[in-house]
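Good morning. I will walk through one structure today, starting with its sheet and then moving to the helices and a few backbone details. Please have the model open while I talk.

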Amino acid sequence: MRIYAPNPQTLQALRGSGIELVLDVPNSDLEGLADDAAAARKWVQDNVLNYNPDVKFRIIAVGNEVNPNGGETARLAPFVLPAMSKIYDAIASAGLKDQIKVSTVTYSALVSNSFPPSQGPFDGASGSFMGPIINFLKKTNNMQLLFNIYPYFSHIGDPQNVPLPYALFTATGGFPQDGQFQYRNLFDAMLDAAYSAVEKAGGPNVKIVVSETGWPSAGGPSASVKNATTYYRNLINHVQGGSGSPKRPGRAIETYLYAMFDDNQKTGAESEKHFGLFSPSKQPKYQIPQSTWSTIALVESLILSCTI
């Protein structure tokens, strides 16, 4: 499970659940933590140590989708790595650096050329931003980089060259070839482009965790309950199946579905309000594999048991 900011009621509800947690340090906290070790120690004490080990913290994700190339998050780029370092030092001082890892969340927009996947780089400002972060992950043995991957947006951005079946794992032919690798779905192509960029930045052994992926049920082109059901069902089967991606075969792909509930108050494109597995009325929207549904239902019951 991943939550985007420490919420005391949610953390309290997770005590004793056995659910491993990715906890975000929100972007709004980055600047204040970047040059203040005492603030980082307090953040870790208040939001991690006060709940550990009853809550099984897996990764502290310092910042989400900060883009040094422009936009509203660009000004935060200089603070990400220093904040990661301060949070790591606080975790290490508590004797938990081998149990709780520190990383950050990036996304496909920072890979300047995503096809063929083998050519994926972090160029320009993205390279200057991501290179030191990947070096930090290696140096501190935090060998996981969180990456948000959305085939939906790639498809609607170029539907002629990125056909819907290829994005939904249902294509039956015409698979693109990249050297020795054949790409039978867009998810794998995007994941391996991210791996190529990380390798070129000096992190051949850094593992990518897919920290967000999903498909909207309404609000945009190709957004429907039918398409979202197809995406989620095929995605879950793929990442759990152990086949991995062409560049990283033979391993399950750690993947987080976005999101638990429709965010019906979110601003921006209408489709952004319809990524939930549940509607705001708490009703499930999809029929997905029972084994996965049981875990999701457990998380839902925990979250609904607290006031947020």
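Predicted model: local features only at pLDDT ≥ 70, side-chain atom pairs only at ≥ 80, totals over all residues.

Strands β3 and β4 run parallel and are joined by four bridges.

Val-22 has Ile-59 in β3 as its bridge partner. As for how covered β3 is, seven of its nine residues are buried.

What is the order of its strands? Reading across, it goes β1-β2-β3-β4-β5-β8-β9, an open sheet of seven strands with parallel pairing. The edges are β1, residues 2-3, and β9, residues 255-257; each has a single partner strand, so one side of each is left without a neighbour in the sheet.

Further along, β5, residues 144-148, runs parallel to β8, residues 207-213, and five bridges hold the pair together. In that pair, Phe-147 stands opposite Val-210 in β8. Helix α9, residues 225-240, packs on the sheet and touches β8 and β9. The direction of α9 makes about 160° with that of β9.

Asn-64 lies in strand β3. Is Asn-64 buried or exposed? Its relative accessible area is 18%, and the cut-off for buried is under 20%, so Asn-64 counts as buried. The side chain of Asn-64 makes a polar contact of 3.4 Å with the side chain of Asn-148. Leaving aside residues up to four places away in sequence, Asn-64 touches Arg-2, Tyr-4, Asp-24, Asn-27, Val-105, Asn-148 and Glu-212.

Next, the helices. Helix α4, residues 77-93, lies across β2, β3 and β4, and runs at about 155° to β4. Helix α4 also meets helix α2, residues 27-34: their axes come within 8 Å and cross at roughly 70°. Which residues make the contact? From α2 they are Leu-30, Glu-31, Leu-33 and Ala-34, and from α4 they are Phe-79, Val-80, Pro-82, Ala-83, Lys-86 and Ile-87.

Helix α5 covers residues 124-139, which is 16 residues. From first C-alpha to last, α5 reaches 23 Å, close to the 22 Å expected at 1.5 Å a residue. The buried residues of α5 are Ser-126, Phe-129, Met-130, Gly-131, Ile-133, Ile-134, Phe-136 and Leu-137. What do they pack against? The answer is α4, β4, β5 and α8.

Just after α8 comes Gly-202, with a positive phi of about 100°.

Last topic, the backbone. Most residues other than glycine have a negative phi, and most peptide bonds are trans. Here are some exceptions to look up.

Where is Asn-141? It sits in the loop between α5 and β5. Phi of Asn-141 is positive, near 60°, and Asn-141 is partly exposed, with a relative accessible area of 46%. Lys-282, in the loop between β9 and α10, has a positive phi near 75°. Lys-282 is partly exposed too, with a relative accessible area of 46%.

For the peptide bonds, the one from Phe-115 to Pro-116 is cis, with omega near 0°. Pro-116 belongs to the loop between β4 and α5. The bond from Tyr-258 to Ala-259 is also cis, with omega near 5°. Ala-259 is in the loop between β9 and α10, and α10 covers residues 290-304.

That is the end of the tour.

Conventions. Residues numbered from 1 in each chain as written. Heavy atoms only, no water. Helix = DSSP H or I, 4+ residues; strand = E, 2+ residues; numbered from the N terminus. Pairing = 2+ DSSP bridges. Contact = heavy atoms within 4.5 Å. Axes fitted to C-alpha atoms, helices over the stretch in contact; angles between N-to-C directions. Buried < 20%, exposed > 50% of the residue type's maximum accessible area, 1.4 Å probe, protein only. Polar contact = N/O pair within 3.5 Å; in protein donor to acceptor, adjacent residues only side chain to side chain. Expected span 1.5 Å × (residues − 1).
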